[in-house]
Amino acid sequence: MKVTNNQAGPRGLNTLGSAVLVDPGQSVDVEMADAELKVAKATGWFSFGAAKAADDGSLDREDLKKQADELGIEYARNIPTDKLKELVDAKLAE
């Protein structure tokens, strides 16, 4: 997910990998747990957009979650994106 700091000073984000410091006006592509995303949105410090899909046609995290839900796949909400993609791909290969 693309996150942009709209504040005059640096702000931190808790991502799936680690904490990320975002400078004023800077945009970063990060993966966040649903709970952390909710907290970050509540601060009003950031604007949020979809991450750009890779040129290889891969899906972004939210698309993968939606597809996994539609396929009836159970997964932890903080599952890494690559592991979620593996689950979806395995289900589709059945």
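View 1. N5 is buried, with a relative accessible area of 1%, where buried means under 20% relative accessible area, exposed over 50% and partly exposed in between (1.4 Å probe, protein chains only). The residue lies in strand β1, residues 2-5; helices (H or I, at least four residues) and strands (E, at least two) are DSSP runs, numbered from the N terminus. Not counting residues up to four places away in sequence, N5 touches P10, R11, V22, D23, P24, G25, Q26, W45 and F46, a contact being heavy atoms within 4.5 Å. This is a predicted model, in which local features need pLDDT of at least 70 and side-chain atom pairs count only at pLDDT 80 or more, while totals for chains, interfaces and linings use all residues. Residues are numbered from 1 along each chain as its sequence is written, and side-chain values use heavy atoms, with hydrogens and water left out.

**View 2. The aromatic rings of W45, F46 and F48.** Ring pairs link W45, F46 and F48 into a cluster; rings of Phe, Tyr and Trp (its six-membered ring) pair if their centres lie within 6.5 Å, with planes under 30 degrees apart counted as stacked, over 60 as edge-to-face and the rest as tilted. The count by this rule comes to 2 aromatic pairs. For W45 and F46 the ring centres are 6.4 Å apart and the planes stand at 65°, so this pair is edge-to-face. W45 counts as partly exposed, at 33% relative accessibility, whereas F46 is buried, with a relative accessible area of 7%.

**View 3. Packing of helix α2 against helix α3.** The axes of α2 and α3 (residues 81-93) are 10 Å apart and the helices pack at an angle of about 40°; axes are lines fitted to C-alpha atoms, for helices over the stretch in contact, and angles run from 0 to 180 degrees between N-to-C directions. On the α2 side R61, L64, K65, Q67 and A68 meet T81, L84, K85, V88 and L92 of α3. The residues of this contact divide into 5 nonpolar, 2 polar and 3 charged, with Ala, Val, Leu, Ile, Met, Phe, Trp, Tyr, Cys and Pro counted as nonpolar, Asp, Glu, Lys and Arg as charged, and the others, Gly among them, as polar.

**View 4. V30 in the loop between β4 and α1.** V30 is found in the loop between β4 (27-29) and α1 (34-43), and is buried, with a relative accessible area of 9%. Not counting residues up to four places away in sequence, V30 touches M1, V3, L13, T15 and V20.
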